[in-house]
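Colleague: Could you walk me through reading a sheet and a pocket? I'd like the general idea before the case at hand.

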Amino acid sequence: MKKILIIEDDLLISSLVQFRLKKDGYETFLVKDGNEGVAAIESLDPDLIITDVMMPFKSGIEIIHFARENKPDTPIIVLSSLGEEEKIVLEAFNLGVADFIPKPFNPNELAIRVKRIFR
Amino acid sequence: MRKTFTRISLFLTFFLCCINQVYSQDSIPFTDSISFFNFLKLQEEVPSLQFRYQAQPNVLTADLLADSTLSFSKREDGLWVSKAFTKFSDWEAAGKGLMAEDSSLVVPNFLIYEENSDLLAAQEYISNLWRNRDIFIPEKTPEVGEELVLLANLIPYEPLVKYRFHFFSDYKLVIVISIITFFLLMAIGMIIFMLIIKANHSRVEALKKEYENMIIGPISEILFEKSLEEIDALTEEDILKIFPEKHYKRKLFKLVLIENIISLNKKMKGDFKDKLKSLYKKFGLDIISISKLKNKRWDIVTNGLVHINEMDLVEALPKVKELTDSSNFYIRSQAISTVLNLSEKVDLSKIKEQSFPLSRWQQMNYLRIIKYLHIQKSLDLTPLFEGKNKTVRLFGYKLVRLLGRIELVEKLAEVAPNVADEEKIEILNTYEVIGINTEAFFINQCLRSENKDLMIAAARVSGTIGDQASAHILIELLDENPDFNTRRLLLDSLKKLDESMYNEYVSKNRDKDTLRIKTHLLDPLLQHV
């Protein structure tokens, strides 16, 4: 079973995403801030990381940096508001994220993109 | 409040009366010369007061004059005075036989601070000492004999009640202690109040968290497992199967539901939004949101308006429209935003009817909504040109420019000559941005205006949408020798409008300022400076 780590400080969103991905048969793990995210990447060794950008303690960009250094093959999906600066999104892409989903989003669309990455 | 004040006033009046009564009991212990001497007998000594005798010369015999105890001496006024005694008993003993002879010829005499004084002055001096509490009135003490028990029987029994109000007689101390007690009680009260509030707040927060956890699962399940039709068909019984009745009926639970559904609605898109809106109504949350519009607190009303706006509660539109001209800035701003969002057409009539001026923030907010909506809904801006207040009309002219509504230029041209100068400037800016060159006559009129701001605005736009007549007016204005900045603007517009006329003017006028402006305008680096 594929392991997906969801790093998101909004409990509602993360729970909804978790519910949707569980329906597709993935094993999901929720963490609510950057520090927990970094620890979970090391301990869980997930097959996919879904992360927000603006979070407490460590931003999504810092998490991507960490993941690229320690787990270079793990794909990352960035889930973030459209209002956030374009340069942050570009930086995320430059760091090699697999996909970017702007909020507001459709969880079904996210599930399709996850499926495509694993395919 | 008034009752409490009356009670406090009555208490203070009563309290002051009591104090007054306590003081009025202590009166001066002598009223005439006899009681005065009796008092002195008891007192024995009074600070800075000395006693002596004053005698007429014919009273004194040779024996008296030779008496060393009295030591009479003659004063400057011819009267004889004895030596001064500090103790009253000494004075009395020394003159025992003397006073009996003839009281009019020998009288008591006093020295107050070594100054000669009569009986009245001495009485006044002692009264002052007594009033200032510098001396205390001596009390008669029973003579102590050998038979103490018999002596005790002579003193009547007196209960110790006379000291009952002794503490209260010191009113300053009472006031200080009362104030300290009051503040102490207030502090304790406030601490208790804060603790209660904090405990209550913590309890509500914990309950909210619990409800949130209770809500997330079922909401996710409904959103992913049920179609919109199935959600629409949900009954009260079905809902009570999803959420336990004891929680579902609680107000706080419904508030948490509102917060969560609105938060999800903001972050979701597609059919999830429709499902959330349907759920909002199924849970009866729309009634709570609409009822908030009747609240007296502006923040709750605004909150209700935000909910109505977010969840597209079109049925609340008539009530929302009633709030569009509210005296509260936040209520009317949010009400207009909601009307703009929910109306079938972009309903600008409510903005037109605004009696309050539109702030820049409001204009920006409405523009954002109108910009988004005018693509999908029909938008008629002309009512704004007839708006009640100037800011509404100015906003209308701005909208023509910002939305690029060229077809409204004709309407603008109709109103332009009859509006205030500030509005004319806004219309000129609109003409310039849209690039309308058919309104040169209006521009030329504005160029000749006595209002400098309007003239400058017209000069600026004449460079791009003026005509030949504008160029001539610009030269006329330059000949009036305006200040440096205006001169530079006029020359810049003239250069843009007619380069040959500009060159001719510059070649004729070779003053220092004109040459500086010419150099400036020719420098490509300073083009936009």
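This is a predicted model: local features need pLDDT of at least 70, side-chain atom pairs count only at pLDDT 80 or more; totals for chains, interfaces and linings use all residues.

Colleague: Fine. What is the strand order in the open sheet of chain A?

Modeller: Five strands run in the order β2-β1-β3-β4-β5, and their pairing is parallel. In chain A, β2 (27-31) and β5 (99-103) stand at the edges with a single partner strand each, so one side of each has no neighbour in the sheet. Ignoring direction, neighbouring strands are turned by 15° against each other on average.

Colleague: How many bridges join β1 to β2 in chain A?

Modeller: Five, between β2(A) and the parallel strand β1 (residues 3-7) of chain A. In that pairing, A:Lys3 stands opposite A:Glu27 of β2(A).

Colleague: And which strands does helix α1 of chain A lie across?

Modeller: α1 (residues 11-23) lies across β1, β2, β3 (48-51) and β4 (76-81) of chain A, and runs at about 170° to β2(A).

Colleague: Now the pocket. How does one find empty space at all?

Modeller: You roll a probe the size of a water molecule over the atoms, and that shows where space is left empty. Here, the second largest pocket holds about 860 Å³.

Colleague: Which residues lie nearest the centre of the second largest pocket?

Modeller: B:Asn309, B:Glu310, B:Asn341, B:Arg368 and B:Tyr372, out of 23 lining residues. By class, the lining has nine polar, seven charged and seven nonpolar residues.

Colleague: Which helices supply at least two residues each to that lining?

Modeller: In chain B, α12 (251-267), α13 (271-282), α15 (298-310), α17 (329-342) and α19 (360-373) each do.

Terms used. Residues are numbered from 1 along each chain as its sequence is written. Chains are lettered from A and ligands numbered from 1 in the order in which they are written. Side-chain values use heavy atoms; hydrogens and water are left out. On a 1 Å grid over the protein atoms alone, a cavity is a set of points where a 1.4 Å probe fits but cannot get out, and a pocket is an open set with protein on both sides within 12 Å along at least five of seven lines; lining residues have an atom within 4 Å of a point. Grid points are joined across faces, edges and corners, and a volume is the space filled by probe spheres set on the points. Helices (H or I, at least four residues) and strands (E, at least two) are DSSP runs, numbered from the N terminus. Ala, Val, Leu, Ile, Met, Phe, Trp, Tyr, Cys and Pro count as nonpolar, Asp, Glu, Lys and Arg as charged, and the others, Gly among them, as polar. Two strands pair if DSSP finds at least two bridges between them. Axes are lines fitted to C-alpha atoms, for helices over the stretch in contact, and angles run from 0 to 180 degrees between N-to-C directions. Contact means heavy atoms within 4.5 Å.
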